[in-house]
Amino acid sequence: MSASVLYDAPGPKAVVRNRIYTVVGSVAVVALIVFAVLRLKDKGQLESAMWDIFNYSGIRQNIVDAIVATLKAFGLAAVGSLVLGVVLVVGRLSDHRPVRWVAATFIELFRSIPLLITIYAIWVGFLPNDSMWALAIGLSVYNGCVQAEVLRAGINSVPAGQREAAYALGLSKTQVMMSVLMPQAVRAMLPTIISQLVVTLKDTSLGYIILYPELLQTARLIASNTQVNGDYPYVPTIIVIGTIYVSMCLLLAGLATWIEKRGRRAKTGIDVAPAAPPAPTDLSA
Amino acid sequence: MNVLLDNFSDFRAGFIGTLSITAISTVIALVLGVIIAGFRVSPVPPLRFFGTAWVTLLRNTPLTLLFLVATFVVPLVFFPGMSAYVLASLALGLYTSSFVCEAIRSGISTVPLGQAEAARSLGMSFSQTLRLIVLPQATRTVIPPLSSIIIALTKNSAIAGAFSVTELFGWQKALSDQGYAIVPIFLWVALGYLVITFAISGVFRLLERRLEVAR
């Protein structure tokens, strides 16, 4: 149902009423923003000296390093989660019951435990000196489980005839999975896989809690180590770093939408010729 | 075993903390989600714009960043004395409201066209159509995605523990700082979360069965 089904085309009265709502609502939102800005100004968070810190080359270098650190953790986690996802889904769909059982338990367990708990346990228990790998491994484990479920849905959506045909041609189990089912599953699920990657990127921010120097941790360090006029520039740093974060996520999410649209447009699949209508049989004969 | 028995009262406090922050943020998220979903389909263009902006912004912000904003910026602007607990529930509730809104919006689009048309031809206004006809029917399709959203909320509530709110992650952190082995702590905390998430999915399965109609 498109939204416009829910209401009639506005008549003269409704147009006036909508205008009133518009004005009142806009005034309320603007008033809230003005109030927030004034309060921040009162607290001295908007003074030019506060924002001047971003002109220091040291702080700029910190931010660049933080972006690199975030992207490094994200890259490792993206590769790790995709590889783990493929391994887990192959295990989950295996013909051997113990393998299937282990994969299913692993997926269910790590999908239902908060990611932060896993990351923290890996950090404290196994990699106390290497928060980057703790973060990357934790992210890979959790997102690998999610990607495995996504891929499983994709594989199940491949028509059964594909698999039967592949077996009929004499392909081995591995060949059927890797050269027939998996490519089609990945193609069908690409938008979902990428939006899970956006989630992975957002979740790198959990590195904040295990003191991995990614964007948020750097924001906190900058804000709490730089004193301007006896005050700490929390608001400017959070605004700057937050903008960087949100734009990175929006870029990746935009990529997902673009691929989804492109996939919908391109029809490269083989079109089966429509069956000829049954020959008219002469019943009277 | 010792880890749990020695610190059982803290564990219980953490468990109840997780439960209560989950409950409060769920209420905030559901109420706000329904309102924002109403905004997104409303006849007033700025309201629609506001709804879209809300969802886009909150969905693409890492939750940790929201917690940072709640901890460091909100007390400067609004009420200075707000407790970490209230701030954390607000951050979690606002973040989840954007997901709830999207779920409800896609639920609205599954209600047959004729329903809203019939409501309008009876002379119902937009809010009446939405409130009395469309939303009640959308509920049924919205329940399964809502269940996974609320389970995600429960898991996300762990982040609140890092911002000095008493809950299960806080317990894990405190005990591992005291030098207990991490693996048993991890298992007990995991068990705590499993209990909550299974309970939530059980409640939702029950709801689904109660609301089921033969179509």
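**View 1. Crossing of helices α3 and α6 in chain A of the predicted model.** Helix α3 of chain A comprises residues 57–92, and helix α6 of chain A comprises residues 131–157. Their axes come within 6 Å and cross at roughly 45°; α3(A) and α6(A) are therefore oblique to each other. The crossing in which α3(A) passes α6(A) is right-handed. The residues that form the contact of α3(A) with α6(A) comprise 17 nonpolar, seven polar and three charged.

View 2. In the model, the span of residues 66–89 of chain A is 100% helix and 0% strand, and its end C-alpha atoms lie 34 Å apart. Residues 234–259 of chain A are likewise 100% helix and 0% strand, with 37 Å between the end C-alpha atoms of that span.

**View 3. The annotated domain of chain A.** Residues 67–256 of chain A are listed by UniProt, in an unreviewed entry, as "domain: ABC transmembrane type-1". Over residues 67–256 the chain is 81% helix and 0% strand. The end C-alpha atoms of residues 67–256 of chain A are 21 Å apart.

View 4. Overall fold and extent of chain A. The secondary structure of chain A consists of ten helices and zero strands, so that the order of elements from the N terminus on is α-α-α-α-α-α-α-α-α-α. Chain A has a radius of gyration of 27 Å, well over the 19 Å that the globule rule gives for 285 residues, and is therefore more spread out than a compact globule. The contact between chain B and chain A. Chain B contributes 43 residues to the contact, and chain A contributes 41 residues. On the side of chain B that touches chain A, the elements giving two or more residues are α3 (45–59), α4 (63–72), α5 (74–77), α7 (113–121), α8 (126–156), α9 (158–162), α10 (168–177) and α11 (182–211) of chain B. Of these, α11(B) gives the most, with eight residues. By class, the side of chain B that touches chain A has 31 nonpolar, eight polar and four charged residues.

**View 5. Crossing of helices α2 and α11 in chain B.** The axis of helix α2 (residues 8–40) of chain B comes within 11 Å of that of α11(B), and the two axes cross at roughly 35°. α2(B) passes α11(B) in a crossing that is right-handed. From α2(B), the residues making the contact are B:F11, B:F15, B:T18, B:L19 and B:T22; from α11(B), they are B:W188, B:G192 and B:I196. The contact of α2(B) with α11(B) has five nonpolar, three polar and no charged residues.

**View 6. Overall fold and extent of chain B.** Eleven helices and zero strands make up the secondary structure of chain B. Read from the N terminus on, the elements of chain B are α-α-α-α-α-α-α-α-α-α-α. The C-alpha trace of chain B spans about 70 × 45 × 25 Å along its principal axes.

Definitions and conventions: Residues numbered from 1 in each chain as written. Chains lettered and ligands numbered in written order. Predicted model: local features only at pLDDT ≥ 70, side-chain atom pairs only at ≥ 80, totals over all residues. UniProt positions renumbered as here; feature names shortened; annotations may be inferred. Helix = DSSP H or I, 4+ residues; strand = E, 2+ residues; numbered from the N terminus. Axes fitted to C-alpha atoms, helices over the stretch in contact; angles between N-to-C directions. Parallel < 35°, antiparallel > 145°, perpendicular 65-115°, else oblique. Left-handed = near helix turned anticlockwise from the far one by under 90°. Nonpolar A, V, L, I, M, F, W, Y, C, P; charged D, E, K, R; others polar. Contact = placed C-beta atoms within 7 Å. Rg over C-alpha atoms; globule rule 2.2 N^0.38 Å.
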